[in-house]
Amino acid sequence: FRIRGTKGGIDLTPLNSGRIVYPGEEEDLPSHENIHYPCIANFTAAVLDGAPLRSSGETAILTDWVTEKALRG
């Protein structure tokens, strides 16, 4: 998974690995052994305890917009 722009790019291959490569640097971010667990735990806490959601509908709309622009080029 790569994103490239006029001023650089970012490589997230493989997407869920925790490794991020961008111009001049690399990072290895630890991920949970079950990549979806933190999202499920957050959703459960929001429903049961009123915790704020990490990903709101507003962020989902922005992600959808970016995806659509990337697909339509």
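View 1. The model shown is predicted. Its secondary structure comes to four strands and two helices. The chain has 73 residues, and 8% of them are buried. Of the contacts between residues at least 6 apart in sequence, 0% join residues at least 24 apart.

**View 2. Strands β3 and β4, which run antiparallel**. Strand β3 covers residues 19–22 and strand β4 covers residues 25–28. Four bridges join the two strands. Within this pair, I20 stands opposite E27, a residue of β4. In a regular strand, side chains alternate between the two faces of the sheet.

**View 3. The turn of the hairpin formed by β3 and β4**. Two residues lie between the strands. G24 is in this turn, and its phi is positive, at about 85°.

**View 4. N42 in helix α1**. The helix spans residues 37–49. Is N42 buried or exposed? N42 counts as buried because its relative accessibility is 13%, and the cut-off for buried is under 20%. Leaving aside residues up to four places away in sequence, N42 touches P52, L53 and R54.

How values were computed: Residues are numbered from 1 along each chain as its sequence is written. This is a predicted model: local features need pLDDT of at least 70, side-chain atom pairs count only at pLDDT 80 or more; totals for chains, interfaces and linings use all residues. Side-chain values use heavy atoms; hydrogens and water are left out. Two strands pair if DSSP finds at least two bridges between them. Buried means under 20% relative accessible area, exposed over 50%, partly exposed in between (1.4 Å probe, protein chains only). Contact means heavy atoms within 4.5 Å.
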